[in-house]
Amino acid sequence: WGVDDTRYTEPVTTTLAGDGERRVSSWSHVPIDVSDPRLDGDVVLVETLDDYPGVRYAVTDLRLETTEGAWQAEPVAGILDEGGSGDLGGTIWVGEGAYEGMRLIAEISFGGFGFNLDGYIIESDSPPGTEAVTAIE
C-alpha cells in the first residue's frame, strides 16, 4: 500500500458498551500485485474495527475490481493484535462480469497496511458447503 492514488477515509469512531470503541474506515483504489491476471485490479476495503481492553476485533468487506469484472468477498472477521496484524482465515469471493460462475476461495492475512491473498479460482455456481441439506424426519 502507500500508492499515490490510494484513497483513505478517516475513521468514524463511536463508543461501545464495556469500554469499547468502534472505528469504521475505508480504502479504495488499492493496487495489488498478483500472479493471476483475473485478479489484476483495484481493491476496495471497508473495515469495522472494534477495540476493547485486551482484544481488537475486525470485520472486513472486500471487493476487487478489474477491467473485465469484479470479485466480491463475503464479509470476513478476525481477532487482530495491537499492531493490526492477524489472520482472517478463509474467504469466498463471488465473480461478476467476465468472472460470473466463478468463485475465488482464498485465505487473507493482514499486516500493517497491507494484506496477503492466497487461494484458488474455481468454476462453480455456488461456494462449497452451500447445497441444501434435507432434514432427517
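1. Among contacts in the protein chain between residues at least 6 apart in sequence, 35% join residues at least 24 apart; contact here means heavy atoms within 4.5 Å. The model is predicted, so local features need pLDDT of at least 70 and side-chain atom pairs count only at pLDDT 80 or more, while totals for chains, interfaces and linings use all residues. Residues are numbered from 1 along each chain as its sequence is written, and side-chain values use heavy atoms, with hydrogens and water left out.

2. The protein chain has nine strands and zero helices, giving the pattern β-β-β-β-β-β-β-β-β along the sequence. Both element types are DSSP runs numbered from the N terminus: helices are H or I with at least four residues, strands are E with at least two.

3. Of the 137 residues in the protein chain, 35% are buried. Buried denotes under 20% relative accessible area, exposed over 50%, and partly exposed the range in between (1.4 Å probe, protein chains only). The chain exposes about 8,300 Å², of which carbon and sulfur atoms supply 50%; accessible areas come from the Shrake-Rupley method with a 1.4 Å probe, and for residues only the protein chains shown count as cover.

4. One aromatic pair is found in a search of the whole structure. W71 and Y99 are stacked, at 4.9 Å centre to centre with 20° between the planes. The pair links distant parts of the chain, 28 residues apart: W71 belongs to strand β5 (residues 69-73), and Y99 to the loop between β7 (86-97) and β8 (102-111). Rings of Phe, Tyr and Trp (its six-membered ring) pair if their centres lie within 6.5 Å; planes under 30 degrees apart count as stacked, over 60 as edge-to-face and the rest as tilted. W71 is buried at a relative accessible area of 0%, and Y99 is buried at 4%.

5. D51, in strand β3 (residues 42-52), is buried with a relative accessible area of 15%. Neighbours within four places in sequence aside, D51 contacts D19, G20, E21, R23 and R56. The side chain of D51 makes polar contacts with those of R23, at 3.2 Å, and R56, at 2.7 Å. A polar contact is a pair of N or O atoms within 3.5 Å; within protein, one must be able to donate a hydrogen and the other to accept it, and residues adjacent in sequence count only if both atoms are side-chain atoms.

6. S124 is located in the segment after β9 (114-123). S124 counts as buried because its relative accessibility is 18%. Not counting residues up to four places away in sequence, S124 touches G101, M102 and R103.
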